[in-house]
Every structure is written in C-alpha cells, then in structure tokens.
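Here is a protein chain with a small molecule, ready for a guided look. Keep the 3D view open and find each residue as you read.

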Amino acid sequence: MSSKQSMTSKLDAMAEHAKRNAPSEDELLARTIARFEKSKKDPNHIENWFHAVIANGIRHPKTQLIPFPIEATIAILKEDQDAFFGCKELDEVEQAVKRAFDTFGKDALFLKNSLYSGKHTWNRTCHITRDSNIRNHLGQITYEWLMRSPVYATHMVVRELIETAPVFHAFGGTPIVQEFRLFAKDGKTYAYQAYWPANSILDADTNDWAQKLESISEATQQQMDEMIKGADRVTRTLRGDWSVDFLIDKDGAPWLIDMAVASQSYISPHRIELS
Ligand SMILES: Nc1ncnc2c1ncn2[C@@H]1O[C@H](COP(=O)(O)OP(=O)(O)OP(=O)(O)O)[C@@H](O)[C@H]1O
Ligand SMILES: [Mg+2]
C-alpha cells in the first residue's frame, strides 16, 4: 500500500470512529437544555439583582425584560440563515423589542442581554434606533456573548438611553462617558475605580483622549456619597460581594446600570480602597 493510500484509510477510520461516538441530535439538545437550566442560577443575570435596585429606590434607567427562550439561542448558534430567520421565538423577541420604542416613547434605546451588552461594537449591538435591524442586533449580542462564556442569557433587556456627555468615542463609535465601579459587600462599600481603564481604549476619535479620560476619573463628593449609599443599600438587600456600576448623566447624576459578583469583575490596579 502506498503511503498516500495508507493515510486515506487512516482518515476514513478516524471519521468512522468519530461518527460512531458522536452524540445524537437528541443528546445534544438534552445537553443544551441542561446548560440553560444551570445558566439560570448565575447571580449575574439582571433578574437576580435588579429587584433590589428598584426596592431601594436607587436611580436606574426604565427597563423592560423580555424572556429569551433557549430556542432563540439555538437558532442563532446554528449559524444557518434558515434557522436564524425561521425561528418563531426569535420573531417574538424581535417584535417585543420593536414595540418598546412606542412603549418608552423614544426613537433610540439601549439593548443588552441579561449579562452582556457588546459595548465595544456599540452600533451593531447595544445602541438601537427605530431604523435598526433588530434581528441582527439580537444575533450579534448573543453570538459575541457566547464566544466569551458558557452561560446562556435568560432575557433580552431594553432600557431607556440615559442622556450623557461623552468626552470622546472609541472602538469605532462607543461613547466614553464618566462612570464608576464601586465594590460593596453585605451593605458596605469598600473600594471604587473609574470605569474605563486607559489601556483598554482603542481607536479613539481624538488625539488627546488620555487627557480627556483623566478629566473624568474623579467623582465629586456629592456623587461619591450618592453612589456609596446606593451600593451599600443594594448589597445589604442582596447580601454578598458585588461590583456596582454607576453611569454619570449629562447633569452629573449617577445611575445604577449594572452589577456583577465582585470575584468575576474587572479590578483596576488603580482601584481606591476605602477605609
Ligand atoms: N441605559 C444606558 N444608557 C446609555 N448608556 C448606557 C446605558 N446602559 C449602559 N450604557 C453604556 O454601555 C456600557 C455597557 O453597559 P453595561 O454595563 O450594561 O454592559 P455590560 O456588557 O454588562 O458591561 P460590563 O462589561 O461593564 O459588565 C456602560 O458602561 C455605559 O457606558
Ligand atoms: Mg456587566
């Protein structure tokens, strides 16, 4: 037997082996459903912490949660046009997002899933207008998220777009706004940092972006007091150790926009510890 023939028969044997041992379609579906059920227990999903933001009267954007069924995730993951456009569960989510423009009475809104926004690809993910191709935004957010994490999203989230004063734009369109991440455990804030790390900025639309970033790195005492009060309260209700993100609006008011378990959150080397 020539070496070429021997290689071909080895490859055939390997392909046969892989086919015999590959999980069936039913087995794959059962695994996906089990993964979805496990995903729901992740404390970082918005539905697991947002109730405590509301209960404590902390300023937050008007928010609508739209269930994101497992069928919708599966349809996107197939990377197949027929599956993507033929999924009726995805149709329903798309229609619900489109209705939100009227419900909120706005022409532009913020879109994310229960865990992730895709802020680095702003115009293809989290920033939506009445003219946006919402189906594509749903696909892009889901796809980017699943490239990073084994956890399935439970919801799509439509939020009022907070009016901000960006100091510049980066990543091809993301507004860079004053924001702070506080760390609080069981009702006590113990550290904070400016939200955007300088070494994460790419493709800024101005040369003096580093100075501009520096200019938004400090909060006023009044902003600090309000953010600490909010982070204290929300973590006293939830218990546990959390990162709590606040966005500062164009008038200087902080809005609580996001939370995550502290041990799974980015910690800056410049984080300031509070006594
Ligand atoms: N309602 C909103 N209005 C305007 N801008 C927003 C709003 N919500 C979020 N943003 C902007 O988008 C960014 C990402 O939002 P968010 O924190 O909800 O997403 P994320 O993907 O969970 O981010 P992170 O990686 O910080 O966890 C924020 O830091 C802020 O700049
Ligand atoms: Mg987040």
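What follows is a short tour of the sheet, the salt bridges, the ligand and a few single residues.

## Before you start

This is a predicted model, so local features are given just where pLDDT is at least 70 and side-chain atom pairs count only at pLDDT 80 or more, while totals for chains, interfaces and linings use all residues. Residues are numbered from 1 along each chain as its sequence is written, chains are lettered from A and ligands numbered from 1 in the order in which they are written, and side-chain values use heavy atoms, with hydrogens and water left out.

## The sheet

Let's begin with an open sheet of 5 strands, which run in the order β10-β9-β7-β8-β11 with antiparallel pairing. At the edges sit β10 (254-261) and β11, each pairing on one side only. The names come from DSSP runs numbered from the N terminus: helices are H or I with at least four residues, strands are E with at least two. Two strands count as paired if DSSP finds at least two bridges between them. In general, strands of a sheet pair through backbone hydrogen bonds, either parallel or antiparallel.

Now look at β8 and β11, which pair in the antiparallel sense over 2 bridges. Here A191 stands opposite E273 in β11. Strand β11 covers residues 272-273 and contains I272. Which residues does I272 touch, not counting those up to four places away in sequence? They are Y190, A191 and Y192, where a contact means heavy atoms within 4.5 Å. I272 is partly exposed, at 36% relative accessibility; buried means under 20% relative accessible area, exposed over 50%, and partly exposed in between (1.4 Å probe, protein chains only).

## Salt bridges

The count of salt bridges comes to 16. Each one is a side-chain nitrogen of Lys or Arg within 4 Å of a carboxyl oxygen of Asp or Glu. E94 is buried at 11% relative accessibility, whereas K98 is partly exposed at 35%.

Other pairs reach across the chain. D102 and R130 meet in a salt bridge of 3.0 Å, N to O. This pair links distant parts of the chain, 28 residues apart: D102 is in helix α6, and R130 is in the loop between β3 (127-129) and α7 (134-148). Are these two buried or exposed? D102 is exposed at 56%, and R130 is partly exposed at 41%.

D186 and R239 form another salt bridge, at 3.9 Å from N to O. They are 53 residues apart, with D186 in the loop between β7 (179-185) and β8 (188-194), and R239 in the loop between α9 (221-238) and β9 (241-248). D186 is partly exposed at 33%, and R239 is partly exposed at 46%. Salt bridges with shared partners also join D91, E94, K98 and R135 into one network.

## Around the ligand

How many residues are around ligand 1? There are 18, of which K112, K119, E179, Y195 and D258 come nearest; to be counted, a residue needs a heavy atom within 4 Å. A polar side-chain atom of K112 lies 2.7 Å from an oxygen atom of ligand 1. The protein covers 91% of the 610 Å² of accessible area that ligand 1 has on its own, worked out by the Shrake-Rupley method with a 1.4 Å probe.

A backbone N or O atom of E160 lies 2.9 Å from a nitrogen atom of ligand 1. A polar backbone atom of I162 is also 2.9 Å from a nitrogen atom of ligand 1.

## A few single residues

T73 sits in helix α4 (residues 70-77). T73 is buried, at 3% relative accessibility. Leaving aside neighbours within four places in sequence, T73 is in contact with F68, L146 and Y152.

Finally, check some backbone angles. Most residues other than glycine have a negative phi. D203 is not a glycine, yet has a positive phi near 55°. D203 lies in the loop between β8 and α8 (209-215) and is exposed at 57%. R239 has a positive phi as well, about 65°, although it is not a glycine.

Terms used: Polar contact = N/O pair within 3.5 Å; in protein donor to acceptor, adjacent residues only side chain to side chain.
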